[in-house]
Amino acid sequence: MNNLAYKRETFRDDYTYRNSPAAIRRFPFPFAEDHYMYSVNIEQHQPGAPGSIVEHAFDIDEHYVSECKDKLLTLAQDKGRYAALPHMMDAQWDFLELTMESLARDYPQLFTLTKDVDHWTWRNRPLEIEDSFIFGDASTLPLEPFDYMGRQVQGDFVLLDQREGTLFADAGFITSQADWSLAFDIGMSWHEWHGPVPQVEKMGIMDRALKFLMSLQQGSPVRRLNWTMTINPRLDTSPEHFPEWGPDKLTVTPQNAGEKAHLRVELQSMFRLPRSNAILFSIRCYLISLEELATYPRWAKRFHRVLKDLHPDLLEYKGIKVYHEAVLAWLSQHDDGAEIAAGTHPG
Amino acid sequence: MSALKVIVSAIEQVADGICHFTFAAADGGELPGFSGGSHVVVSMPAHNRTYRNAYSLLSSPADRRNYQIAVRLQEQSRGGSRFMHEQVKVGSRLDISWPVNLFPISRVGHKHILVAGGIGITPFMSQVHELLRTGADFELHYAFRSPQYAGFIDQLQQLLGKNLICHDQSQRQVLDLQALLSQQPLGTHVYVCGPAGMVDALLSTAYELGWPDAHVHHEEFLAPPIGEPFTLRLKQSGKSVEVGAEVSMLEAMEAAGVDAPYLCRGGACGRCELEVLATDGVIEHHDHYLSDAEKGSGKKIMPCVSRAKCSFIELNL
């Protein structure tokens, strides 16, 4: 992926976002079986197969330039999408260092980082950015370190401070969230911001996940996939802008579902940061229309079966209920009922 | 768990029975950054077994050229501290874990009182660098038996000046915890590391004075205590492991090739928790992690420091 042809496309208004055949093939389809159950499904975030979305710590793909432009549009509309409490400055520098070092190492044709002790120079060729600054001195950067690099990496980012036996969401850069609000969650503790997840508390899942994350070690990052659905390829499905995207849910029909309805998969990865002892929670969003998904018949069949018997609480939580029937009707044309082997692979 | 490969680049005696080791990355590069209060677990390959002990990092977190640890020769060493003192030389190669921090400075505190007793000074060595860098309001109280036991005293005096308050017991300078803790401004955090008696005294004084739990921090790594031998049955793997009198359950499992999780190996972090399915005796809980209710239930155990007085104990592993 070193010579990416960046697509010029939009994630709003005329929605010109599309996936190339190569992007479809590497899409992180999350369902290995016909039935879905909420689980924590955490694994080590070690480098995966070449060309896959987990080849590198942070995935840069054909949507990079357009997605970064969309971030700027969202930030310009709503400054509250970036927030960092004052005690998170060390974590901000940790984030800048991790992302700059990772991108420069993994995509040397696109990004370069040169260091002369604390004097660093960063070059981002796709976005035509070049800045020299003193590491640790925020006044030498045009923006705060977290804001500066948050605009140059695809995905959303939360920095969690670990104290008092829990984790606090004390900084965030959130422009492509699946219907949750940074302004609402900033400063909240683990159990507070997971309050709304259905059927989870009674399973003790959140307690176990918290314990696991609190002992997350530097040098051993982890990842998991999560999923939901979005109507139209829209990154910014925030509660603040619900009037702009919410009503789209009512426009889905069995005829247009293939084009309008998208499976939205989040690659969530978690890193322990060195200086701050904070945790970086990175949420990278991948969107694929049902039509694109059906390029691979086993994906369409499996998604049909997963959606068909999804628990009503999860349909409600993921906001799928209103267009559930229309999506099932579209997908059912692609499901002959034949048995499919376990696994998430496309063909 | 991935290990860091290091070479011992210097060894120095810093106080009676305390050796100071400097590690450099074996590949000649930089070591990972860390936060004040972090420790590493050092693996010590003795001829018949591997010891693993946690030691605080002493150097400035900003300096990634090397790590420093201090090891006190334990009078009743199970082998680890003796190995470090007698077997490890300049040029020795060791595996250490990535840094882990179970004793961080609170980033929301307004003032920080650090209280060290003897070798308990070690986690504060990196913390004071961090506090100085961020310009935080703090003071370090250092209690020791006599000046020959006061490791790092010159270095600390130079770094901290009047922010270092020494309590030399040989000069009858007693640390008055009641006085110290009863007149601090709102938003102050207190941190203690030292002998068990000192930690307990500080925790109970803070509690009696109404300090919020979240503002009182302590670090106390335990060595696994000696007990009686027993048999460990592992339900999932069907393995049976003999636990000798002088090894911990965790060490016995590792020696038997069982991949059991761990982080601090000192009963503090909770990572190694295992589920107890059955035993014909009594669990001897030694950790600081489980609540009294959890200990009472008999369903959980921290195999790094706890053991059982029994003929067998069955775990869900």
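In which loop of chain A is Glu164(A) found? In this predicted model, Glu164(A) sits in the loop between β6 and β7 of chain A. Its phi is near 55 degrees, which is a positive value in a residue other than glycine. Because 14 other C-beta atoms lie within 10 Å of it, Glu164(A) counts as partly exposed.

The partner of β1(A) is strand β8 (residues 222-231) of chain A, to which β1(A) is joined by two bridges in the antiparallel sense, and here Glu43(A) stands opposite Arg223(A).

Helix α7 comprises residues 205-214, and Arg208(A) is found in it. Is Arg208(A) buried or exposed? With 12 C-beta neighbours inside 10 Å, Arg208(A) counts as exposed. Between Arg208(A) and Leu98(A) there are 27 Å in space, C-alpha to C-alpha, and the two are 110 residues apart in sequence.

Chain A also holds an open sheet of three strands, ordered β3-β4-β5 and paired in the antiparallel sense. Its edge strands are β3 (111-116) and β5 (129-134) of chain A, each of which pairs on one side only, and the twist from one strand to the next averages 10 degrees. Six bridges join β3(A) to β4(A), with Lys115(A) having Trp120(A) as its bridge partner in β4(A). These two strands form a hairpin with two residues between them, and in this hairpin Val117(A) takes a positive phi near 50 degrees. On the other pairing, strand β4 (residues 119-124) of chain A meets β5(A) over six bridges, again antiparallel, and there Thr121(A) has Ser132(A) as its bridge partner.

Helix α3 (residues 89-106) of chain A lies across β3 and β4 of chain A, running at about 120 degrees to β3(A). Its 18 residues should span 26 Å at 1.5 Å a residue, and because its end C-alpha atoms are 26 Å apart, the model agrees with that expectation. Of those 18 residues, 13 are buried, so α3(A) is largely enclosed by the rest of the structure.

A similar check can be made on helix α11 (residues 297-308) of chain A, whose twelve residues should span 16 Å at 1.5 Å a residue, while its end C-alpha atoms are 17 Å apart, which agrees. In α11(A), Trp299(A), Ala300(A), Lys301(A), Arg302(A), Phe303(A) and His304(A) are buried, and what covers the buried residues of this helix includes β9 (261-272), α10 (290-293) and α13 (324-332) of chain A.

Turning to chain B, one finds it divided into domain 1 (3-101), domain 2 (111-218) and domain 3 (230-315). The centres of domain 2 and domain 3 of chain B, taken over C-alpha atoms, are separated by 33 Å. Strand β5 (residues 66-72) of chain B is mostly covered, with six of its seven residues buried. Strand β2 (residues 18-25) of chain B runs antiparallel to β5(B) and is joined to it by seven bridges; in β5(B), Gln68(B) is the bridge partner of Thr22(B).

In soluble globular proteins, nonpolar side chains tend to be buried together. The largest nonpolar core in this model has 81 residues, and those touching the most other members are Ile69(B), Leu114(B), Val115(B), Ala116(B), Phe124(B), Tyr142(B) and Cys264(B). Strand β9 (residues 138-144) of chain B supplies the largest share of this core, five residues. A second, separate core of 41 residues includes Ile60(A), Met89(A), Phe95(A) and Trp122(A).

Technical notes. Residues are numbered from 1 along each chain as its sequence is written. Chains are lettered from A and ligands numbered from 1 in the order in which they are written. This is a predicted model: local features need pLDDT of at least 70, side-chain atom pairs count only at pLDDT 80 or more; totals for chains, interfaces and linings use all residues. Two strands pair if DSSP finds at least two bridges between them. Helices (H or I, at least four residues) and strands (E, at least two) are DSSP runs, numbered from the N terminus. Axes are lines fitted to C-alpha atoms, for helices over the stretch in contact, and angles run from 0 to 180 degrees between N-to-C directions. Two residues are in contact if their C-beta atoms, placed from the backbone, lie within 7 Å. A nonpolar core is a set of buried Ala, Val, Leu, Ile, Met, Phe, Trp, Tyr and Cys residues joined through C-beta atoms within 7 Å. A residue is buried if 20 or more other C-beta atoms lie within 10 Å of its own, exposed if 12 or fewer, and partly exposed in between; C-beta atoms are placed from the backbone. The expected span of a helix is 1.5 Å times one less than its number of residues. Domain bounds come from an automatic or database domain assignment.
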